[in-house]
Amino acid sequence: MDEATTDLAGKRLALHVCCGPCFLEPYDALVADAAEVAVVYFNPNIQPVEEYQHRRDTLIDYAQRCGVDIVELPYDPALWLEQVGPLARSPRERCRACYRLRLREVAHWAAENGCEAMTTTLTVSPYQDADAIAEEGDRAASEAGVEFVRRDFRERYSEAMRRSRDLGMYRQNYCGCVMSDLEAREQRERRRAESAGRSVARG
Ligand code: SF4
């Protein structure tokens, strides 16, 4: 992912946040550069609703302790299902459509709420497709008339994990949608089977 050098001095930035652990490092980096950072939680991909609420509340608990306000846009899993559901079995296209939906909504919110720029915490995770996020972010922002700030936060991932562990934050073990939950379960099963196989082989 190519990072554009965007000067954030004097700008109000909308930051799309996917969860508490991913908020920690990008927020600290951006708040040092921008005049103001408005934090927006919009994640209709997360299922079930209890998991959505748990991730949101984890973020809000931490943000409140730091004096940061969180703007929650309406949770609309039916919209996600309509726009992303048909691509459920093609992970690359599915995730791209999922980024598109979330970034578009946040870009529109940014334009309507006095932000000149927007970005997302999604790129802190090495499990996400940073190039697709950058492309969808550029497209969403330009449609809404704001600027997308390309920032690759992956080098901060281990620090984000360390901090979230030390803070006792809830850390989910799947990305968000039902398919990602199934895929993560299958992966854990495979790893368990492989490690059981190695133990038997060692005898
Ligand atoms: S795996 Fe994550 S990014 Fe991809 S579609 Fe599911 S929730 Fe969205």
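This briefing describes the fold, the sheet, the core and the ligand site of one protein model. The model is predicted, so local features need pLDDT of at least 70 and side-chain atom pairs count only at pLDDT 80 or more, while totals for chains, interfaces and linings use all residues. Residues are numbered from 1 along each chain as its sequence is written. The protein has seven helices and five strands. Here helices (H or I, at least four residues) and strands (E, at least two) are DSSP runs, numbered from the N terminus.

**Overall fold**

- Starting at the N terminus, the order of elements is β-α-β-α-β-α-α-β-α-β-α-α.
- The C-alpha trace spans about 65 × 40 × 35 Å along its principal axes.
- Buried residues account for 38% of the 203 residues. A residue is buried if 20 or more other C-beta atoms lie within 10 Å of its own, exposed if 12 or fewer, and partly exposed in between; the C-beta atoms are placed from the backbone.
- Of the contacts between residues at least 6 apart in sequence, 75% join residues at least 24 apart. Two residues are in contact if their C-beta atoms, placed from the backbone, lie within 7 Å.

**The sheet**

- The five strands form an open sheet with parallel pairing, in the order β3-β2-β1-β4-β5. Two strands pair if DSSP finds at least two bridges between them.
- β3 (70-72) and β5 (147-148) are at the edges with a single partner strand each, so one side of each has no neighbour in the sheet.
- β1 is joined to β2 by six bridges, and Leu 13 has Val 37 in β2 as its bridge partner.
- β1 is joined to β4 by four bridges. Ala 14 is the bridge partner of Met 118 in β4, and His 16 stands opposite Thr 120 in β4.
- β4 and β5 pair over two bridges, and the partner of Ala 117 in β5 is Glu 147.
- In β2, five of the six residues are buried.
- In a regular strand the side chains alternate between the two faces of the sheet. In β4, Ala 117 and Thr 119 point one way, Met 118 and Thr 120 point the other way, and all are buried.

**The nonpolar core**

- In soluble globular proteins, nonpolar side chains tend to be buried together.
- The largest nonpolar core has 49 residues, of which Leu 13, Ala 14, Val 40 and Met 118 touch the most other members. Such a core is a set of buried Ala, Val, Leu, Ile, Met, Phe, Trp, Tyr and Cys residues joined through C-beta atoms within 7 Å.
- The elements that each supply at least two residues of this core are β1 (12-17), α1 (20-31), β2, α2, α4, β4 (117-120) and α5 (130-144).
- The most residues in this core, ten, come from α4.
- Not counting residues up to four places away in sequence, Ala 14 touches several residues, including Val 40, Val 106, Trp 109 and Met 118.

**Loops**

- Phe 42 is in the loop between β2 and α2, and counts as buried because 22 C-beta neighbours lie inside 10 Å.
- Phe 42 and Cys 18 are 24 residues apart in sequence, with 7.3 Å between their C-alpha atoms.
- The loop between β2 (36-41) and α2 (49-66) also holds Pro 48.
- Most peptide bonds are trans. A cis peptide bond joins Gln 47 and Pro 48, with omega about -10°.
- Leu 122 lies in the loop between β4 and α5, and counts as buried because 27 C-beta neighbours lie inside 10 Å.
- Leaving aside neighbours within four places in sequence, Leu 122 is in contact with Cys 18, Tyr 99, Gln 128 and Ile 133.

**The ligand site**

- The ligand is surrounded by Asn 45, Val 84, Arg 94, Cys 95, Cys 98, Cys 175, Gly 176, Cys 177, Met 179 and Ser 180. A residue is near a molecule if its C-beta atom, placed from the backbone, lies within 6 Å of it.
- α4 (91-112) and α7 (178-202) are the elements that give two or more residues to this shell.
- The largest share, three residues, comes from α4.
- By class, the shell has six nonpolar, three polar and one charged residues. Ala, Val, Leu, Ile, Met, Phe, Trp, Tyr, Cys and Pro count as nonpolar, Asp, Glu, Lys and Arg as charged, and the others, Gly among them, as polar.
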